[in-house]
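Welcome, and please get your viewer ready for a short walk.

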Amino acid sequence: MAGLFRIHRVAFETKSRPEVDICASMGNRSSHGYYLAQAMRFSIEEINNSSHLLPNVTLGYEIYDICSQLTNLYATLGLLSQGGEGCHSPQHLPVADNYTGHLPKTVAVIGPDSSEYALITASLLGIFLMPEISYEASSPMLSLKRAHPSFLRTIPSDRLQAEALVSLLKHFHWTWVAAVGSENTYGRQGLQTLREVATKKGICFAYQGIVFMETSNPGLVANVQAILASNTGVVILFANKHGAMMFFQEVVRQNVTGKVWLGTEDWSLSREICEIHGIRDVGTVIGVTIMQAQLPEMWAFEAASRHSESHRPQAACFQGCNETCSQLCSQLYVPALQPLLEVSPYDTQAAFNVYSAVYAVAHSLHRLLGCQTGVCRKDTVYPWQLLKEIKEVNFSVKGRQIYFDSNGDPMTGYDVVQWKWEEDQIWSYDVIATFSSQPVNLTVYWEKLQWHTGDNQVPVSVCSKDCVVGEQKVLQGIHQCCFHCVACSPGTFLNKSNPYTCQTCQADEWAPAGSETCFPRTTIFLHWSDRISQALLSAATLLLVLLAGALFVFVQKANTPVVKSAGGWLCFIMLSTLAGANVSLYSYFGVPSRFTCLLRTSMYNITFNFCLACMASRSIQIILIFKMASKAPGLNEAWKNRHGCSLFIGACTGLQVVMYLVYLWAIPPFPHKNYDLADQVILLECKDHSAAVPLLGFVGNGLLGVFCFVISYVGKDLPNSYNEAKCTTFSLTIYFASLIAYCTTFSVYRGKYLPAVHVASLLFTLFGIFGGYFIPKIYILLFRSELNTNEHFQMSIQSYTKKKNVSD
């Protein structure tokens with residue numbers, strides 16, 4: 001297999017000719033690339049020495065130094081080529097329409113390290129379906145299998161890293177942040193992915209910029225100044241090590257302090273950055289890193305390899321091969337590299353990624369060659385065959401489970417570290433949280449957190465403080481994180497799913513001002529079991545019994561002068577209509593139904609109208625006899641002969657009956673929920689399609705009552721035995737009083753017991769008429785029989801006549 005590592009690093013320069021860089025003569029040695037190459041050599045040697053994995057099979061390797069884009073492309077074409085068994089043998093890459101039988105020098109590639117380089121190699125290797133497992137390329141674009149079908153990696157995608165960073169922001173309630181990225185694919189795509197993920201979680205970016213790689217660049221200075229002007233407490237730096245180095249040098253130069261800096265895995269554990277003078281004063285540095293794994297055996301292998309190479313004659317190497325790095329000749333270690341060889345946690349992480357990538361290839365070969373039997377077949381292995389097996393691997397190494405999802409990404413997570421400095425100014429770090437991808441979860445170890453704030457409280461980074469319960473957010477400007485708070489009005493509530501709009505409660509619900517939920521309204525009606533209802537029912541039943549008793553007494557005394565003077569047969573009708581009106585009151589109790597709604601107003605108004613008409617008719621009859629007999633004797637005769645009493649009663653009541661029959665047939669009342677009575681209650685009542693007919697009935701009864709009152713008052717000086725004025729006016733006064741009392745109560749009270757007040761006013765009217773008109777007569781019939789004689793009535797008439805003659 002082939003390994004692509006950046007053993008040297010060269011500065012970018014414009015070329016006049018398309019030629020490959022000579023890395024050893026142009027660039028500086030990279031200790032990081034050196035360790036990664038050693039990790040590949042160590043893992044292959046460990047596999048070759050294993051009796052369980054790939055027995056009787058020896059793996060070979062070629063290591064390429066990819067110090068630039070051109071050397072990366074050259075190495076990729078070289079490992080795809082055929083021929084070249086020797087160091088100077090010609091190599092060729094045939095052009096064909098089918099590469100199924102193409103057998104290149106290597107069957108798998110480990111690397112490269114950066115996303116820019118990986119996009120080139122993945123595009124070329126994907127044509128041949130040659131497995132490529134990168135250990136540091138994290139661009140989300142590499143997960144697109146249509147463009148890069150043979151690419152896999154042992155480092156998580158930057159999309160998962162963005163989710164980890166956003167989870168940190170959400171966990172600490174940081175919603176107002178600044179973000180900068182390095183001027184390369186890693187930084188630009190990382191910022192784009194971060195913004196996509198963060199925006200969905202309600203996080204706003206006060207500033208977003210790109211870090212320029214040159215020191216003292218005006219753009220870099222402007223980056224830091226913009227962050228200061230953004231008034232944010234948290235800055236996310238999605239950059240590679242070089243970009244982070246340039247950025248923090250400018251941060252320290254401008255003396256930026258008191259902020260939280262969130263870093264990505266590429267620089268979070270970089271010793272070069274933590275050694276910048278003055279960086280410990282910038283605030284709290286928290287970084288996302290690859291989960292830790294230890295390879296102690298590798299460092300022993302590296303030390304032995306270094307010792308071996310340092311004592312090998314250089315001439316022997318150059319005589320055997322002029323390649324910089326190959327299986328035949330290794331020049332990984334040179335004495336100039338010795339001062340750089342200090343292993344960092346970043347080196348350890350990347351080395352394990354290389355280690356696990358090599359083992360993924362080995363386990364795939366183990367299955368492809370049928371090594372499960374203990375002996376591997378000596379079959380020809382094509383890269384596309386190996387790719388199928390790599391996609392299906394699932395094994396454990398050094399306590400870590402290694403397998404890939406459908407996009408070729410590892411199913412792993414991150415550690416979250418926080419920088420700290422020991423008492424002797426030595427940089428160190430603590431793992432303060434872990435982030436897992438399956439399922440997505442962030443676990444924070446609060447006891448390890450050390451903030452730069454004086455009281456060690458979590459720093460605040462918000463544009464606006466959260467609203468209290470029941471307050472909606474009214475946006476200020478373009479950012480959803482900047483707002484002012486307004487309490488929800490009564491009848492509305494704030495749903496947590498939409499904090500920007502107060503929603504209206506449903507019809508059967510209510511909410512006070514500033515509420516986050518709606519409450520069920522209390523449904524009110526006159527329950528049969530309610531104490532007030534029971535009192536009203538008892539009174540109505542009592543009245544019904546009294547009416548029945550009075551009717552019985554009047555029937556028994558029907559031929560007596562008192563009954564005849566009270567109206568005779570009209571008394572029976574009046575008592576019956578009062579009983580009918582009283583019975584209609586029972587329809588006001590319980591849940592309203594269509595039947596009870598038909599009875600309520602219509603039955604009461606008709607029967608009560610009938611009663612008033614009888615009272616008025618009787619008063620007119622007495623007035624005609626005693627007041628108009630001498631002045632207009634024909635009126636009394638006409639009233640009597642033409643059945644004026646019946647016609648008057650029939651006209652008054654008939655009009656009401658016809659009006660209500662048409663009303664009940666055309667637009668009958670119906671059960672209705674009244675939501676307007678009060679915010680907290682629903683009144684179950686009977687509603688009229690049109691209030692005109694009930695209002696006409698109400699007004700008609702009122703006018704009839706006024707007419708009856710006037711007629712009764714005119715006859716106030718009649719004989720005592722026939723003087724109905726006091727009884728009638730007293731009864732009607734109670735009627736008017738109860739009517740006024742109910743109207744007044746209705747105008748000022750909209751509570752639960754409003755229906756009870758209505759029933760009480762009607763019942764009070766019926767009691768008033770019964771008590772004022774009939775009780776005096778019943779008293780005479782039962783207890784003053786001496787006044788219930790013809791002689792007494794004759795004496796009363798004679799006395800009235802004498803007084804009238806004297807006055808005339």
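## First stop: two crossing helices

Select helix α2 (residues 31-48) and helix α12 (residues 345-368): their axes come within 9 Å and cross at roughly 35°. Axes here are lines fitted to C-alpha atoms, for helices over the stretch in contact, and angles run from 0 to 180 degrees between N-to-C directions. Helices (H or I, at least four residues) and strands (E, at least two) are DSSP runs, numbered from the N terminus.

Before moving on, a word on what you are viewing: this is a predicted model, in which local features need pLDDT of at least 70 and side-chain atom pairs count only at pLDDT 80 or more, while totals for chains, interfaces and linings use all residues. Residues are numbered from 1 along each chain as its sequence is written, and side-chain values use heavy atoms, with hydrogens and water left out.

Now show the side chains where the two helices meet. Among them are Tyr35, Leu36 and Phe42 in α2, and Tyr346, Ala350 and Val354 in α12; contact means heavy atoms within 4.5 Å. By class, this contact has 15 nonpolar, two polar and two charged residues. Ala, Val, Leu, Ile, Met, Phe, Trp, Tyr, Cys and Pro count as nonpolar, Asp, Glu, Lys and Arg as charged, and the others, Gly among them, as polar.

## Second stop: a sheet

Next, pick out the open sheet of eight strands, ordered β11-β10-β12-β13-β14-β17-β18-β19, with mixed pairing. At its edges are β11 (204-211) and β19 (440-444), each pairing on one side only; two strands pair if DSSP finds at least two bridges between them. From one strand to the next, the twist averages 25°. Zoom in on β12 (residues 234-238) and β13 (residues 259-263), which pair in the parallel sense over four bridges. Val234 stands opposite Val260 in β13.

Select Phe554, Leu578, Met615, Leu766, Phe770 and Phe774, the residues with the most contacts inside the largest nonpolar core, which has 54 residues. Such a core is a set of buried Ala, Val, Leu, Ile, Met, Phe, Trp, Tyr and Cys residues joined through side-chain atoms within 4.5 Å. Leaving aside neighbours within four places in sequence, Phe774 is in contact with residues including Phe554, Cys571 and Leu578.

## Last stop: Ala756

Ala756 lies in helix α22 (residues 754-783). Is Ala756 buried or exposed? Ala756 is buried, because its relative accessible area is 6% and buried means under 20% (1.4 Å probe, protein chains only).

Notes:
Buried means under 20% relative accessible area, exposed over 50%, partly exposed in between (1.4 Å probe, protein chains only).
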